[in-house]
Amino acid sequence: MHRKVRVTRPLRAGCWKDSNLFWRNGLSVFVLDRQGVAVMPCTQKRARLLLARGRARVHRLVPFVIRLVDVKAKHCNLQPLSLKIDPGSKTTGMALVRDAQKLDMDTGEISKGAAVLSLVEIAHRGRQISEALTARRQMRRRRRSQLRYRAPRFLNRGNKGKGWIAPSLQHRVDGTLAWVKRIVRWAPVRSISQELVRFDMQAMQTPGIEGIEYQQGTLAGYELREFLLEKWGCKCAYCGAENVPLQIEHIHPRSRGGSSRESNLTLACQCCNEKKAALPIEVFLAKKPEVLKRILSQAKKPLRDAAAVNATRWVLFQSLKQTGIEVLTSSGGRTKFNRQQNHVPKTHALDAACVGDVDWVVNWNRPTLQIKCTGRGSYQRTRLDKFGFPRGYLMREKSVKGFATGDLVKAVVPAGKKAGLHQGRVAIRATGSFNIQTREGVVQGISHRHCTLLQRGDGYGYQQQSKPDAGRDRASHDALCLPGMNAGVSRAIHG
Ligand SMILES: [Zn+2]
């Protein structure tokens, strides 16, 4: 469902034009052609020049999208872009990258790489959804047990068929998918890379852990080590020592025909490893039968939750495939390997940039657009007290004086205590006196007469996070600056 973005008046933003905040926004700009077809994203400087020369219109403010008036996509050279996704339970990272290749002149090898264009983090609200459903269920139960008879309302849904996942999890899939679809609409994405599993079990089945491969830290060896650390919990399996260097250890010794599959491997401190040497484990642990029993049973157990099975990621994978774009999958071990090889700091968005088959990552030191799932309000018009009884009622209309809660507005207050410029998400009141959630906090009691609509609420809040490598002591958030603001939003095709 798209609401038409309203035409806003060109803003007379005198104080904004001079503000050094105005163009200090390192996020790249999405570009559409005159028919709304995506072409290559550009820098902010280029977008500003295109707007100033009248060659482009503002299509959307956050994320910033412009539409060229004199170019058609079929006449443009498009480079291969990939959208990389690292799905998380609280936050999902996304990175739009340009796929590139480098030829090593000495060896003749071609290495694959990713040049980062855009970084995005989506903060999900799975927890709020789950809490709201729990609260509703408990209040219903209480009312049912304490008041007049109410027919039972459990086990009567019949909608938990195949493929059902809990609403809080479904929200993560839907939210991620919605942003994938948006970015695909705004940029010529050719493929999607998704981190699907934590460890690549297949790569671990034949690891040459004692040979050159392991010592040089190849991917298979790396994943195996990470996997064993997860499975055996960062301590020596025999003596329980923690915070000591751990070595990979064969439970049934290699010299007695023990295999190098992960089911025969554990972690031991150097001391235990040397003591055990080629002894059979039954002999080595003859005096500790309970440790022997634990190790033998744990060795056989697959690492279920961490290794492979993550229902939400699989549902997301299935949904991504339905977009018709090529979907590549990768493992978390590989992401971490790529990230450490390239000395990239850990954030959700940068993790996403390192997903998949890449040897090098460049241009990663750029700001991240943080998107918070806020929802579009609630159907429930009755406010409840803590016992589940009505306390008050919300108004039926969702908009007041043309504004709705969640809209991005700019308020210029000429005089009084609240004098100044306030910009952010608005929360409406029936009285026409609104609250604005700005970067500095909530400003209460701003009259609708001072507000100008910048962008309709779309169920998300936006904020910009500064470069990961910029001075650590600086505030982590920059105010969200809107590069297209003094150009005004043109009559958009859709949002
Ligand atoms: Zn030990």
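The request and the reply follow.

Reader: Please examine strand E10 (residues 265-269): which of its residues are buried, and on which side do they lie?

Author: This is a predicted model, in which local features need pLDDT of at least 70, side-chain atom pairs count only at pLDDT 80 or more, and totals for chains, interfaces and linings use all residues. Residues are numbered from 1 along each chain as its sequence is written.

Strands (E, at least two residues) are DSSP runs, numbered from the N terminus. A residue is buried if 20 or more other C-beta atoms, placed from the backbone, lie within 10 Å of its own. Five of the five residues of E10 are buried, so the strand is largely enclosed by the rest of the structure. In a regular strand the side chains alternate between the two faces of the sheet. In E10 both faces are covered: Leu265, Leu267 and Cys269 are buried on one side, and Thr266 and Ala268 are buried on the other.

The partner of E10 is strand E9 (residues 246-250), which runs antiparallel to E10 and is joined to it by five bridges; two strands pair if DSSP finds at least two bridges between them. Within this pair, histidine 250 is located opposite leucine 265 of E10.

Elsewhere, five strands form an open sheet with antiparallel pairing, in the order E21-E20-E19-E18-E22. Its edge strands, E21 (441-447) and E22 (451-455), each pair on one side only. Strands E19 (residues 420-427) and E20 (residues 433-438) run antiparallel and are joined by three bridges, with arginine 425 having glutamine 437 in E20 as its bridge partner.

Key: Buried ≥ 20, exposed ≤ 12 C-beta atoms within 10 Å, placed from the backbone. Helix = DSSP H or I, 4+ residues; strand = E, 2+ residues; numbered from the N terminus.
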